[in-house]
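Welcome, and please open your viewer for a short tour. We will go stop by stop, selecting one place at a time.

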Amino acid sequence: MRRGIAATALVATLALAATACGGDDKGGNETKAGGELSGTVTWWDTSNDAEKASFQKIAEAFTAKHPKVTVKYVNVPYGDAQNKVKNAFSSGSEAPDVIRADVGWVADFASLGYLDEVPAETAKKVDAEFLPQAAASGKYEGKTYAVPQVIDTLGLFYNKKMLADAGVQPPKSLEELKSASAAIKAKTGKAGLYLRGDDSYWFLPLIYGEGGDLVDAKTKTVTVDNPAGVKAFKTARDLVTSGAAITNATDGWTNMQTAFKSGEAAMMINGPWAVADTYAGDQFKDKANLGVAAVPAGSAKAGAPQGGHDLAVYAGSKNRAAAHAFVEYMTSQDVQVQSTKELSLLPTRTAAYEQPDVKSSEMVQFFKPAVDKAVERAWIPENGSLFEPLKVEYTKAITGASSPEDAAKATGVEFRKILKGWK
């Protein structure tokens, strides 16, 4: 209950701050005399099925303390969200006031003029109080357009009992992964690793592991088709043909989670957002059976991408003051600590890591050092657009529908079409 009281006091303070930052001229008639917030704030949340009930409950707590503000919660499936948000913003028809955006979407939306700039005082707090790599994802051309809600990266999830029964340790390299998978197959008849094959985010540790990257934003050069990129596509295919991993070209998330939770696969590569759902599996009724380690290193190094989600306000919102206050509430320390406790998600506020519920989280203890080492992607408007052609070619390569060399070449061709003028 103390957390709820603290959040209420914080929201009241933030509401006044938002009004002081220009709510009267930026938000239509959502404030009344004296700065009281009112009106409707529609929030499009992209969290998964295991998370959405918790986020809806948190959002409704804001509504309960501000009876003249109605929060309309809408859960939008992540896979459809980017295009759905763009269509809503471009048409202005039934557009949300607040969106939960993948960190790779913010620069794109901001470049198109869809996002309202974060109030100056809030932007200062983001720079001073949030993890710097998280804060960077909400900026475009030196201005802040989004506030970081959660930060994440990928790790190797493993079934402790299955690895112990096979007499193997969590693999630290891809070569060790092959050996461990062979031992698991021999002992249990089950797969060593489920490698998701229908989402390009899962390709990133492979290319980072070879010392490569998708692009070099500083020199405006496409690098996905250089030797490191070709090697990454080869690695993906080799993990499947060697028997170290199983995959599927469709419904990758569902198939991966089902295989891991049921014990059909002993390992998978996933992030903090999967913890709550994973605990619901038969193999993890005892939560202690879930282990997490670093993504196995490629021939050059270990590497995993920085991910996460930011909250942003639509530039055409008629309730901007209330919307910005809602964003500050949803990214407050109390709410972030609650999200860690309930969902094992990682906060973006630096001070949150000193709170007992965060410090005691086993998942935070692993993922925070991993986040600190994660590779930042290029925060360019085209970032989100690169993932579709990469996904297509990654799926072809991992399933054998295309050679690694052809997949890398085709990806480079499509990247250069998107990034006009890049080498």
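Predicted model: local features only at pLDDT ≥ 70, side-chain atom pairs only at ≥ 80, totals over all residues.

**Stop one: helix α11.** Select residues 252–262 to bring up α11. Its buried residues are Gly252, Met256, Gln257, Ala259, Phe260 and Lys261. Then step just past the end of α11 to glycine 263, where phi is positive, at about 90 degrees.

**Stop two: aspartate 198.** Next, select the loop that runs between β8 (191–194) and α9 (204–209), and pick out aspartate 198 there. Is aspartate 198 buried or exposed? Its relative accessibility is 16%, so aspartate 198 counts as buried, the cut-off being under 20%. Show its side chain and look for two partners. One is the side chain of arginine 196, joined to that of aspartate 198 by a polar contact of 2.8 Å. The other is the backbone nitrogen of glycine 252, which lies 3.0 Å from a polar atom of the aspartate 198 side chain. Glycine 252 is also one of the buried residues of α11 from our first stop. Setting aside neighbours within four places in sequence, the contacts of aspartate 198 include Asn248, Trp253, Lys391 and Thr395.

**Stop three: helices α17 and α18.** Select residues 383–399 for α17 and 404–418 for α18. Their axes come within 9 Å and cross at roughly 170 degrees, which means that α17 is roughly antiparallel to α18. The crossing is right-handed. To see the contact, show side chains such as Leu386, Pro389 and Leu390 of α17, together with Ala407, Ala410 and Phe415 of α18, which are among the residues that make it.

**Stop four: an open sheet.** Now colour the five strands that lie in the order β2-β1-β3-β14-β6, an open sheet with mixed pairing. At its edges are β2 (69–75) and β6 (147–152), each of which pairs on one side only. Ignoring direction, neighbouring strands of this sheet are turned by 20 degrees against each other on average. Zoom in on β3 (residues 98–102) and β14 (residues 307–313), which pair in the antiparallel sense over five bridges. Aspartate 102 stands opposite histidine 309 in β14.

**Last stop: helix α2.** Finally, select residues 52–65, helix α2, which lies across β1 (39–45), β2, β3 and β6. Helix α2 runs at about 170 degrees to β2.

Conventions:
Residues numbered from 1 in each chain as written. Heavy atoms only, no water. Helix = DSSP H or I, 4+ residues; strand = E, 2+ residues; numbered from the N terminus. Buried < 20%, exposed > 50% of the residue type's maximum accessible area, 1.4 Å probe, protein only. Polar contact = N/O pair within 3.5 Å; in protein donor to acceptor, adjacent residues only side chain to side chain. Contact = heavy atoms within 4.5 Å. Pairing = 2+ DSSP bridges. Axes fitted to C-alpha atoms, helices over the stretch in contact; angles between N-to-C directions. Parallel < 35°, antiparallel > 145°, perpendicular 65-115°, else oblique. Left-handed = near helix turned anticlockwise from the far one by under 90°.
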